[in-house]
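Work through the exercises below with the model open. Try each task before reading its solution.

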Number of protein chains: 2
Amino acid sequence: MNTYTFDEISVGQTESFTVRLTDKEMDAFREITGDINPLHKDDAYAAEKGHKSRVAFGMLTASYLSTLAGVYMPGERSLIQSVEIKFSQPVYPGDELTVSGEVTEKNDTFNLIKVKVSVRNQEGKKVLKGSMQIGVME
Amino acid sequence: MNTYTFDEISVGQTESFTVRLTDKEMDAFREITGDINPLHKDDAYAAEKGHKSRVAFGMLTASYLSTLAGVYMPGERSLIQSVEIKFSQPVYPGDELTVSGEVTEKNDTFNLIKVKVSVRNQEGKKVLKGSMQIGVME
């Protein structure tokens, strides 16, 4: 886990990591949230809607932004203030996701950083883009 | 699970549900994401940072927006396009959260609805506010 202080962070700094989103994470997310929507559970239903298989929960893909902030940028001193997300392509269970962040702003008055985020699948397609405002604790 | 079609949804329509966020969900979310930040795990560390106990992952609280869209508004036909979230108060394991959504816009061209969302704790304090843009599938 990174332990960047506010002063150690520069605009332009980047962090990234790769995870595989599998049925295990799908089942655990469904258990947590109670989101029993068939698009995320039933291959035949998802196929009717034009998908190659059941689709990953968007908010499960977004969950990895927690890791980006809390483990990578800034790591230990992270306190997420706000998040904006757009889902641009479906994610399917089994996909390998690369989660990336780049610091685009620093607010010295409130020790806040703005991090532009993207998630790409194993084909390099962007499946999520957005930004986070993160407080960097003393 | 609700099965609202686009035509059955009106601006001003509301949905809400209540969940308890416990250590079980905290552990499952940590397992999914790999976010091992001590603020969410270590009571003593969180106390040093001014909290009464370890703090819930913000993106775990945000996960319930998946349920709001996929089960309640619009329910089965949901496909989340984008999400904006602000965290306004900390959530602690054991908190009872009421997740609410209100339809504020309908886009007839793309069958999209905009839903204003809020999450309040058992004391009625707003812990998350934001909005979602959601496609309503045929």
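## Exercises on a predicted two-chain model

The copies in this predicted model meet through the same surface, because 100% of the interface residues of chain B are also interface residues in chain A.

**Exercise 1. Determine how chain B is related to chain A, and find which residue of chain B comes closest to the rotation axis.**

Step 1. Two copies of a chain are related by a rotation about an axis and a shift along it.

Step 2. Superpose. Chain B falls on chain A with an RMSD of 0.0 Å.

Step 3. Locate the axis. In chain B, the C-alpha of Glu84(B) comes closest, at 2.2 Å.

**Exercise 2. Describe the fold and the overall dimensions of chain A.**

Step 1. List the elements. Chain A has three helices and five strands. Their order along the sequence is β-α-α-α-β-β-β-β.

Step 2. Take the extents. The C-alpha trace spans about 50 × 30 × 20 Å along its principal axes.

Step 3. Check burial and contacts. Of the 138 residues in chain A, 52% are buried. Among contacts with a separation of 6 or more, 67% join residues 24 or more positions apart.

Step 4. Turn to surface and charge. The accessible surface is about 6,100 Å², with 42% belonging to carbon and sulfur atoms. Chain A carries 16 positive and 20 negative side chains. The centres of these two sets lie 6 Å apart.

**Exercise 3. Is Asp95(B) buried or exposed, and what is it in contact with?**

Step 1. Asp95(B) sits in the loop between strand E2 (78-87) and strand E3 (96-107) of chain B.

Step 2. Apply the cut-off. Buried means under 20% relative accessible area. Asp95(B) has 5%, so it counts as buried.

Step 3. Collect partners, leaving aside neighbours within four places in sequence. Asp95(B) is in contact with Val19(B), Arg20(B), Leu21(B), Pro90(B), Asn121(B) and Gln122(B).

**Exercise 4. Count the salt bridges over all chains, then examine three of them.**

Step 1. The count comes to 12 salt bridges over all chains.

Step 2. Take Asp43(A) and Arg54(A). Their closest N and O atoms are 2.7 Å apart. Asp43(A) is in helix H2 (residues 43-48), and Arg54(A) is in the loop between H2 and helix H3 (58-72), 11 residues apart. Asp43(A) is partly exposed at 36% relative accessible area, whereas Arg54(A) is buried at 18%.

Step 3. Take Arg20(B) and Glu96(B). This salt bridge has an N to O distance of 3.3 Å. The pair links strand E1 (residues 14-20) with strand E3 of chain B, 76 residues apart. Arg20(B) is partly exposed at 48%, and Glu96(B) is partly exposed at 33%.

Step 4. Take Arg30(B) and Asp27(B). Their side chains meet at 3.1 Å, N to O. Both lie in helix H1 (residues 23-33) of chain B, three residues apart, about one turn of the helix. Arg30(B) is buried at 16%, while Asp27(B) is partly exposed at 43%.

Step 5. Look for shared partners. Asp23(A), Asp43(A) and Arg54(A) are joined into one network by salt bridges.

Definitions and conventions:
Residues numbered from 1 in each chain as written. Chains lettered and ligands numbered in written order. Predicted model: local features only at pLDDT ≥ 70, side-chain atom pairs only at ≥ 80, totals over all residues. Heavy atoms only, no water. Least-squares fit on C-alpha atoms with pLDDT ≥ 70 in both. Contact = heavy atoms within 4.5 Å. Helix = DSSP H or I, 4+ residues; strand = E, 2+ residues; numbered from the N terminus. Buried < 20%, exposed > 50% of the residue type's maximum accessible area, 1.4 Å probe, protein only. Areas by Shrake-Rupley, 256 points an atom, 1.4 Å probe, with all protein chains shown as cover. Lys, Arg positive; Asp, Glu negative; His and termini not counted. Charge placed at Lys NZ, Arg CZ, Asp CG, Glu CD. Salt bridge = Lys/Arg side-chain N within 4 Å of Asp/Glu carboxyl O.
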